[in-house]
Amino acid sequence: MPTTSSSAQASFRRAAGLLALLAGLAGFAWTLLVFQTEYKFRKIAPPSQYDRISLVDYGIRLERLLARDPVNGDLRTRYATVLGLQGADDQAIVQLQRAALTHFQQGSLFAQNQMLEKRGQVDQSEQAVADCLRIDPTNREYHTAYLRLLYLQLRRWDPKKNPVEFHQRGVIFTNAVRDWTARAPFDANAWLFQGNLYTRPLPLYGQQGYRCYLAGLAEADHADPGKAPSLMISRDEAHKAIAKLLKGRWAKAHANLS
Amino acid sequence: MDNGMKKDLPPLNHINPSPLDRFLLWWLPALAALTPLVVIYTLLRPHEGQSFFFQASVWLATALLGCGWLLGRHALPGLRRPVLLLFAVNALAFFLSLIHTSSPLFSLRQGLLPCAGFLFFGLIVISPRRRMMLGRVSAALIGVGLLLALYGIAQYFGFEFLKYGGQVEKNRVIATIGHPNYLASVLGPLVFLILALLPGRPDRRFLIGGLSAIGLLLFCILLARTRAVWLGIFIGLAVAALLGLRCALRQRLRLRRFALGVLVALLLPMAAAFILLPLAGQSINLRERLTSSNEIKSRFFYWNAAIDQGLRHPVTGLGYAMFDPHFWPYAIGHQKSSIAPYYYDFLPAISGRNPGHVHNEYLEVFCEQGMLGLASLLAVLGFFAWFGGHAILRQSGSAETFRLCALYGGFVMILVDAAFSFPWRLPVSLIVFMVILAWLYDSIYPQEA
């Protein structure tokens with residue numbers, strides 16, 4: 001009947017109108033909130049990591065922004081970095097893990113590794129940086145961090161008192177060094193590091209060490225000048241090591257591992 | 001097949017345009033024109049937010065429309081159309097995908113943009129002056145698209161005055177709106193939109209202007225070196241030509257005119273490639289573009305990751321916008337598996353950055369919304385493909401037929417581009433797609449005269 005039909009239509013129209021109005025306002029308000037939060041986040045310049053008062057203030061401002069947009073991964077990662085700089089590593093790791101739910105970055109995983117290492121959780125730190133290397137096997141920073149951790153693990157064992165454990169950790173360390181060269185053959189530092197491996201902590205393998213030092217120096221010479229990384233073992237040190245090898249003497253281990 | 005009009009709803013043309021309709025008649029075209037400019041503006045600043053303007057405007061327009069319905073100042077249009085039901089199923093698939101998402105709030109937040117796109121489509125098709133709306137929006141897009149193409153070409157030759165922020169990856173064609181793929185996804189369909197405006201125009205100057213505009217757009221797309229859009233344009237033109245030929249034979253239209261149209265459509269890209277490029281002292285190394293191994297490897301890995309991730313929750317998917325956050329944990333797990341060594345050479349192509357998207361809309365929908373989402377998406381696209389084609393075959397006049405063939409070609413071009421890129425996840429290319437869909441909707445359900 002026309003009257004019932006028209007009143008039903010009117011009710012339907014009002015219901016649709018209310019739904020559209022509420023949805024439209026909600027969508028508009030949320031869009032505005034998200035954009036405003038992002039804008040303020042980008043506008044605030046991060047302070048120097050040595051200015052503790054400004055860091056605390058910056059952290060508070062980031063916390064307020066996070067309350068408005070809790071799923072902003074970039075914002076939460078920055079907040080975690082600030083917490084880490086303030087020494088609150090536990091909270092920083094929690095924030096990094098929350099940020100990873102919406103914005104997983106390789107750098108965040110590496111940052112977690114560094115915080116875990118600071119807390120003395122070497123095993124978890126080793127696992128985290130190993131995961132970083134799985135997905136970025138040519139990254140020099142990840143390799144050196146990983147090798148440093150493995151070397152620290154190796155030094156926990158005395159070769160005479162704990163020969164089995166020392167040997168096991170030695171194998172892991174050796175494989176990691178060789179893996180770096182295999183995955184990043186154009187990285188001079190990988191070869192120089194491997195050259196070091198064959199002089200200490202392993203027993204001296206002079207010929208292999210000599211070969212690796214030469215390969216490393218050759219890669220350093222042929223690297224693109226604009227992209228050449230700084231050498232972990234300087235040319236002078238490498239030449240001295242080669243000279244000692246040729247004279248049949250031990251070469252000095254790289255300082256960063258000690 | 002009826003045109004879906006329900007007898008108990010008043011024809012739309014009997015409704016005089018309300019103030020809100022008149023407002024939307026100029027606001028939506030302005031939105032289409034301003035969104036790319038706002039995107040450029042945001043790229044000059046070190047912050048995100050290129051979707052903000054489009055999203056906020058559309059949601060606000062929706063609220064105004066709802067207010068009009070609530071107060072009885074605006075008539076409710078006929079809503080019972082199969083395509084709207086299909087969109088509703090898509091919305092259901094989106095909400096069901098929230099079951100497995102690791103952050104429902106994030107998925108909902110990211111869903112604001114595609115919802116705004118659908119609302120933009122809805123605002124166009126429910127307009128009482130739909131054809132006028134479509135004409136204005138198309139003109140606005142073409143106007144701003146030509147500006148983007150001009151600036152993209154100028155950038156390629158080193159002339160630029162905009163200082164982009166660090167978030168823009170430099171390329172030989174910076175593409176003004178952030179990436180050459182993005183620009184090509186916008187300009188490619190505009191080629192077909194301009195082609196659609198040409199049939200039936202008696203003014204020769206309009207014809208020359210239109211062909212010149214197409215040449216300019218094609219030249220910019222060539223310089224952008226975007227393989228997906230090249231392929232899309234080729235397939236789109238081929239589909240449009242075949243459809244036009246079928247219509248011409250069926251309706252016994254003048255084949256000479258049709259053949260001339262096809263010849264022009266084929267000559268334009270060739271002219272851009274073999275005349276304009278050499279004149280500009282440039283060339284395209286097609287072999288290098290087709291075999292750039294790092295890009296192809298990264299695409300394959302993303303697609304592989306999307307399929308593997310989607311199979312974890314095949315019905316409802318991982319959750320909207322969850323491909324990127326889950327990509328690196330997946331890659332880590334993948335590299336711990338026994339098949340990792342076979343993928344060692346893929347890693348340099350993907351390391352050090354986040355993929356953002358799968359670079360294939362269909363696989364991304366499967367990954368994030370499961371079989372339900374993919375099936376509903378394909379249903380919507382299939383609806384427009386099938387009934388849009390039938391609508392073209394129904395036409396009687398040659399100008400209207402060829403116009404719709406060009407639009408259909410644009411639709412096909414976007415579908416091909418979506419298989420290699422993510423045009424529906426960025427505001428400007430989403431607007432263009434919605435306009436093409438609205439044109440097809442208009443051909444399927446012509447507004448009552």
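This is a predicted model: local features need pLDDT of at least 70, side-chain atom pairs count only at pLDDT 80 or more; totals for chains, interfaces and linings use all residues.
The size of an interface is often given as the accessible area lost when the parts come together. Between chain A and chain B the buried area is about 3,600 Å², and carbon and sulfur atoms give 73% of that area. To this contact chain A brings 41 residues, while 44 residues come from chain B.

Side chains of opposite charge can pair when their charged atoms come close. Two salt bridges are counted between chain A and chain B, and Asp69(A) forms a salt bridge with Arg109(B) in which the closest N and O atoms are 2.6 Å apart. Within chain A, Glu126(A) forms a salt bridge with Arg169(A), and here the closest N and O atoms lie 3.1 Å apart.

On the side of α8(A) the contact is made by Phe173(A), Thr174(A), Val177(A), Arg178(A), Trp180(A) and Thr181(A), and on the side of α9(A) by Asn189(A), Ala190(A), Trp191(A), Phe193(A), Gln194(A) and Leu197(A). By class, seven of the residues in the contact of α8(A) with α9(A) are nonpolar, four are polar and one is charged.

Elsewhere in chain A, helix α5 (residues 106-118) and helix α7 (residues 140-155) pack at an angle of about 25°, their axes being 12 Å apart, and α5(A) and α7(A) are therefore roughly parallel to each other. Their crossing, that of α5(A) and α7(A), is left-handed. In α5(A), Gln106(A), Gly107(A), Phe110(A), Asn113(A) and Glu117(A) meet a set of residues in α7(A) that includes Tyr142(A), Ala145(A) and Leu149(A). The contact of α5(A) with α7(A) has five nonpolar, three polar and three charged residues.

In chain B, helix α1 (residues 19-43) and helix α2 (residues 52-71) pack at an angle of about 170°, with their axes 10 Å apart, so that α1(B) and α2(B) are roughly antiparallel to each other. Among the residues making this contact are Phe23(B), Trp27(B) and Leu31(B) of α1(B), together with Phe54(B), Val58(B) and Leu65(B) of α2(B). The residues of the contact of α1(B) with α2(B) comprise 13 nonpolar and two polar, with no charged residue.

Terms used. Residues are numbered from 1 along each chain as its sequence is written. Chains are lettered from A and ligands numbered from 1 in the order in which they are written. Side-chain values use heavy atoms; hydrogens and water are left out. Contact means heavy atoms within 4.5 Å. Helices (H or I, at least four residues) and strands (E, at least two) are DSSP runs, numbered from the N terminus. Ala, Val, Leu, Ile, Met, Phe, Trp, Tyr, Cys and Pro count as nonpolar, Asp, Glu, Lys and Arg as charged, and the others, Gly among them, as polar. Buried area is the accessible area (1.4 Å probe) that two parts lose on being put together, summed over both. A salt bridge is a side-chain nitrogen of Lys or Arg within 4 Å of a carboxyl oxygen of Asp or Glu. Axes are lines fitted to C-alpha atoms, for helices over the stretch in contact, and angles run from 0 to 180 degrees between N-to-C directions. Angles under 35 degrees count as roughly parallel, over 145 as roughly antiparallel, 65 to 115 as roughly perpendicular and the rest as oblique. A crossing is left-handed if the near helix is turned anticlockwise from the far one by less than a right angle, and right-handed if clockwise.
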